[in-house]
Amino acid sequence: MNKISFTVNGKKHTINCEQAESLRSVLVRLGYQSVRDSDDKEGFAGSDTIIYNDIPVYANLMLAQQAEGAEIRTAESLGTSRNLHVVQQAMIDAGVVQSAYNAPAAALLLAWLLEHESNPTQAQIDEVLSGIFIRDTGYEHYYLAVKLAVEKMQSGSYKSEISPTFRENLTYVGKPKGKVDGPQLVAGESSFVEDRVLPGYHTMVLLRSPYAHAYITKIDTSKALAMEGVVSIITHENCPDVFYMQAGQGNPEPSPHDRRLFNRKVRHVGDRVAAIIAETEEQALAARAAIKVEYEILKPIFTVEEAMAEGAPLVHNGVVEYRAGAPADLDQYNKGADPRDGKVIYQFPLHGDIRHNVASAAHGKIGDVEKGFKEADAVVERTYQTSQIQCTPLEPHICYAKIDGGRLVLHASTQVPYHVRRIVAWVCQIPENKIRVIKERVGGGYGSKQDILVEDLVGYATWITGKPILYRNTREEEFVANSTRHPMRVTVKMGAKKDGTITAVYMDVRANTGPYGNHCLTVPMNACSKTLPLLKCDNMKFDVITYYTNIPPTGAYQGYGAPKGTYGLMTCMAELADELGIDYYEMAMKNKVEPGYMLEILKGLGEGREGKVVPVGSCGLDEALTKGAKMIKWGKKEQSDDPDWKIGKGFAMIQQGSGLPGLDHSNAWAKLLTDGTFQIFSGGADLGTGLDTISAKMISEAFCVPMDLVTVTSGDTDSCTFDTGAYASSGTYFSGGASFLAAEDLKKNLLDEAAYQMQEKAEDLILRAPGEVYSTKTGKTLSYAKLSHDALTGTGRGQVMGRASFTTGHNSIPYGAHFVQVAVNVRTGQVKVQKYYALQDAGTPINPELALCQMYGAALKSIGHTLYEEMILDENGVCLNPTLGEYGVPMISEKPEDFQAVLIDINDEVGPYGAKSISEIATNGAAPAIAIAIHDAVGVWMRNWPFSPEKILKELGKI
Ligand code: FES
């Protein structure tokens, strides 16, 4: 132990520390919780940034002893949520405080920069943020945040426009009004699961499989169990014999129940072998080292091709069951099943065939593709391969659970609190009323927190031990044991007439689901259902087959299959245009859908059941294409001064959905408090994207009150009503739709109460600022405060409340087009994204500044997926790059030189105030647009993610 003294934020501390203790650890012990860690001391992400003797450093990379006598500043020095620093406020106003795990560190760096440079250049901002990884919002609006802060400091107010505004008749909707949880997040105050942990908690660590495919033949935990502090060890021998799946999807689930908490067979490197619960992390780790496991090693398979091969090893060879729709020959099918493999239980038929590694399959068509291909003047058939990529949320998967009042309480970082409750109840075999899930602020999800990847085990361990338990994935576990994007092989065959009219399209999607079937039907289906409906074509057909393999697990990832399908479909269309010798833009304009066109293809593209045929509704596709083509100067050939660099342009049409019509369901309720302020309870799970702000705006807009008079409670299964969760681009449309309707119901009930109290007719009353009822007939007014007070006196009629449920069969599709200009170095194979223009129709953007930042974030991450992100496995299935640095996520230096997000103004007929979804769609355009631009630049077609310099040089015949 060493005694050290230093000053933090002007306060002197003297503290004992271990020889090897990091400075971050000491700062956290002292209560400076804004100094976070997202990469286990890799020194990459910058969550632990502090100012040390006026120099920015990573606190994790310094020993506490080095701080002797130092002056340290953390984000807590800037301001509190009630009294923000100008930079913190500017960051909120610019829209960059979203999932916000790194927002305090970024605010600290920008404030420090402004102390040294009153009007910094873009290069200076780039340099100061060069060590901060931001996944959610790209980096573009950080320049705006600095600009706003400078303006405020120099003149006391903002001069720059934050974002365009929409719907001039509305006050809050369509205007940048700040994010309701922005202040607590940017100030680094208690927000995340890790901030809720109380002293006395126990730690859980996992023993994971070193093999990709093996049976556990013997496991001996006796020595470990006897070790000091060890409370419990859970393995396949003592876990519940309950099969389930981890995908947070509607119930009955379109993913097979193909796992238990622990299985006798391990199916990927990093699969669960044992959970060790102990009083301290050190004790848990020591016990883990004392567990002895023997394996019978099996041959693994890693690719779709290996899974399809005759006689391939079987990833699942257990008993197959069906909860509904079992085939007549099931007994025969199960003869020869190996009991060591457990079971695969389908909730309804998914056309799986595990004896051939097929987890699920789907087929569909409209018209006659063979006839369509015969009518074509040219037909091309191409195969596109996508790689395995990781969501990389800054906050790793984490769960803190405890027993309170005899119930299991889970503090979760989740997109799906109600699915967490259902699945944990199922695993623990207890009723749902015994469980409370509290969704905390989510430090990044991107789909990976749609799955119940840690809550299942933490919940069960807490239930059986009665101990409060904290579990948090290491960054390496995020890579090897978490959900990733399904690698896919997408073959597209397309035929067209000489004038570019498409006569037939066929898509063959072969997806790799890895060891378990999370989203095995729905993600690959989306590769077709979010792409084929972009085109007017009478003859379309698709086959989708998903295979089990032994790669790390896959699951939901923003875009949910659509980025891969769009890559195949759009690139193939460009290849066909090239073959026909016509302009790809003209071909897109000729074949794109338009309002009123009946989307017959949707019939075969439901999620495990027949989809609904609907016409194209609100649609900004035409405007996105024409505007984008103008911005990029489509058709104008650009030249570089350097002969090594060739310049090319590309674009892609994109679409997504706004939730799942006929499947998703959202509920909300709201109440008038006794002083005339409001509280709304949304079942929706804000994962940083601003859903709570949307709920607040629904009340503010309806009642003409400022947003700070509205409190939003969300994602708490005890106080809020059911919501399917924040996935499938459903947040604004479904959860926001429920909040809109709850506000309308509250308004109706408030007017009824006002009519009663004022002795007037409700139709003569209106609501107006600053929070009162006004009679257009008599001129009388009644404040909300008096109304509420009188309703709650001994003679009143009770609390004024509103409630709503939102479902729809309507399909409000967001559309867009992403345009890109790249420069390709023919000597090195390097690709530079010079211009990137993301144009999207989100209906009415309710939070336009947040919408723009989500478009930047999604576009930048998909540029990363396209050009360099890839999980690399060795021949044994060991991930060779399980760190952020080695894996390679885009930092500020990788941002396109000219990066613009543009919201196309379209009003939707169903969404709240005309809104549709925004951010998932923005991941769909980069891969095809860049592939097409590379072809335009150097004449080669890139048909394999990522487009690395090596692959480009190979295509160019240089290596
Ligand atoms: S070392 Fe900086 S975030 Fe982990």
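Reader: Which residues of helix 21 do L750, E753, A754 and Q757 in helix 20 meet?

Author: The model is predicted, and residues are numbered from 1 along each chain as its sequence is written. Local features need pLDDT of at least 70 and side-chain atom pairs count only at pLDDT 80 or more, while totals for chains, interfaces and linings use all residues; side-chain values use heavy atoms, with hydrogens and water left out. Helices (H or I, at least four residues) and strands (E, at least two) are DSSP runs numbered from the N terminus, and contact means heavy atoms within 4.5 Å. On that basis, the four residues of helix 20 meet Y784, K786, L787, D790 and A791.

Reader: How are helix 20 and helix 21 oriented to each other: roughly parallel, roughly antiparallel, roughly perpendicular or oblique?

Author: Axes are lines fitted to C-alpha atoms, for helices over the stretch in contact, and angles run from 0 to 180 degrees between N-to-C directions. Helix 20 (residues 731-758) and helix 21 (residues 784-791) pack at an angle of about 80 degrees, with their axes 10 Å apart. Angles under 35 degrees count as roughly parallel, over 145 as roughly antiparallel, 65 to 115 as roughly perpendicular and the rest as oblique. The two helices are therefore roughly perpendicular.

Reader: Are the residues of strand 3 buried or exposed?

Author: In a regular strand the side chains alternate between the two faces of the sheet. In strand 3 (residues 49-52), T49 and I51 point one way, and I50 and Y52 the other way. Buried means under 20% relative accessible area, exposed over 50% and partly exposed in between (1.4 Å probe, protein chains only). T49, I50, I51 and Y52 are all buried.

Reader: Which residue of strand 5 stands opposite Y52?

Author: Two strands pair if DSSP finds at least two bridges between them. Strand 3 pairs in the antiparallel sense with strand 4 (residues 55-58) over 4 bridges, and also with strand 5 (residues 71-73) over 2 bridges. Towards strand 4, I51 stands opposite P56; in strand 5, the residue opposite Y52 is I72.

Reader: Which residue in the turn between strand 3 and strand 4 has a positive phi?

Author: Strand 3 and strand 4 form a hairpin with 2 residues between them. The positive phi, about 45 degrees, belongs to N53.

Reader: How far from C239 is the nearest cysteine sulfur?

Author: A disulfide is a pair of cysteine sulfur atoms within 2.5 Å, and the structure holds 0 disulfides. C239 is in no disulfide and is buried, with a relative accessible area of 8%. The nearest cysteine sulfur is that of C428, at 12 Å.
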